[in-house]
Amino acid sequence: VYAPVRTLGDFTFVHGVTSVWPANSGVRFSSCGWMPTTAPTLSYQPSAVPTLSLQPSSSLAPSAAPSRVPTEMRIVTGLCAQASASSPFESIATEQGAVTLGISTADDATEEIELSFTFLWFSMPVTSVVVSSNGQLNMDGSLDDNCCAADKISGSSAYTGERIALAQEDLDPSRSGSVYFLDRGSSAVISFEGVPFFINQGEVNAQIELYETGAIELRWGAGNTEGNEMAAGLQSSAYSVYAPVLAAGRFTDGVTTSWPSHDGVLFACQPPPTAAPTSSQDPSAAPTLSGAPSSGAPTFSQPPTGAPTQNPTAAPTSAVPSTGAPTYLPSTAPAL
């Protein structure tokens, strides 16, 4: 587990390292009150309980969510973890069933596409997504194309919706390249291939794959920003969940001017609390995080006093430190 300080005031750390003294008084870490004894397992679904296991595997079956041991995992929030992508970018242009989206001939446009399965975006069931020609998916049905600057993945982002940013900035598929969609039944791929930045600068080859289990994979192929910014990561303003890409190049709050330096990232996220926590929240009334109905997903609870404990036969609990900073403990191997 590596949790580098990322930002303090107007200054930014890179992998926890800075040459400038921090601009404010400090940071507080929470959701660190546990340590898995085995590789994490994610289990939840609106109507069923499939399992995403980040375990060793020699291959990725197209009908299943990726299974692999993360080569680099970081806890982004109490809800999401990210690991290296399970497979590299591959064009879907000639794959059977792939369709070319109408936004391939447009600039600053959006297009809604239907999924053959229900995808759980945190606690919100999603059966369709909106693809923006500017390199992101809108998960809340918004038709905002989000042009023309890379919006950072943070609470201070200018963008306030639900989104998955892949290479979000000002792309222009009307100049060249195409945007493709392929529904494989248990997953769906949206792929930007040979798409330039406006005006006809650089080249974007990148794709998002949504898995029925709730996993999300971002992949980058050969590309070049030519100095343009781009944003990548997950943002749920409704629950104050911000999961910027950390490990795929020189990103700061999910924004970079350099093309990602490796294949991509795999996100695994838990359902959020019933209410999004706030900085003014009373620690003695910290929210409870529970899995989807009828699932065996872990429940996080918090008693008023005592050192953090973990009972293997019951859902473990954690105590509020005397400073009031809440911590969380999972009931089983942590769900990530």
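Aspartate 253 sits in the loop between E17 and E18, where strands (E, at least two residues) and helices (H or I, at least four) are DSSP runs numbered from the N terminus. Its phi is near 50°, a positive value in a residue other than glycine, and with a relative accessible area of 17% aspartate 253 is buried. Here buried means under 20% relative accessible area, exposed over 50% and partly exposed in between, with a 1.4 Å probe and protein chains only.

The model is a predicted one, in which local features need pLDDT of at least 70 and side-chain atom pairs count only at pLDDT 80 or more, while totals for chains, interfaces and linings use all residues. Residues are numbered from 1 along each chain as its sequence is written, and side-chain values use heavy atoms, with hydrogens and water left out.

Phenylalanine 122 also has a positive phi, of about 55°, although it is not a glycine, and its place is in the loop between strand E8 (110-121) and strand E9 (124-132). Cysteine 148 is found in the loop between strand E10 (136-138) and strand E11 (162-168), and isoleucine 199 in the loop between E13 and E14. Such details are worth noting because most residues other than glycine have a negative phi, and most peptide bonds are trans.

The structure holds two aromatic pairs. Rings of Phe, Tyr and Trp (its six-membered ring) pair if their centres lie within 6.5 Å, and planes under 30 degrees apart count as stacked, over 60 as edge-to-face and the rest as tilted. The rings of tryptophan 121 and phenylalanine 122 have their centres 4.9 Å apart and their planes at 70°, so this pair is edge-to-face. Tryptophan 121 is buried at 2% relative accessible area, and phenylalanine 122 is buried at 4%. The tilted pair is formed by tryptophan 220 and phenylalanine 251, at 6.3 Å centre to centre and 40° between the planes. Because tryptophan 220 lies in strand E15 (residues 216-220) and phenylalanine 251 in the loop between strand E17 (241-244) and strand E18 (255-256), the pair ties together parts that are 31 residues apart in sequence. Both tryptophan 220 and phenylalanine 251 are buried.

A search of the whole structure finds five salt bridges, each a side-chain nitrogen of Lys or Arg within 4 Å of a carboxyl oxygen of Asp or Glu. Three of them are listed here.

| Residues | Closest N to O |
|---|---|
| Arginine 184 and glutamate 95 | 3.0 Å |
| Arginine 219 and glutamate 217 | 2.9 Å |

Salt bridges that share partners join Glu95, Arg184, Glu209, Glu217 and Arg219 into one network. Within it, arginine 184 is partly exposed, with a relative accessible area of 32%, and glutamate 95 is partly exposed, also with 32%. By contrast, arginine 219 counts as buried at 3% relative accessibility, glutamate 217 is buried at 0%, and glutamate 209 is buried too.

For the protein chain as a whole, the secondary structure comes to zero helices and 19 strands, and 50% of the 336 residues count as buried.
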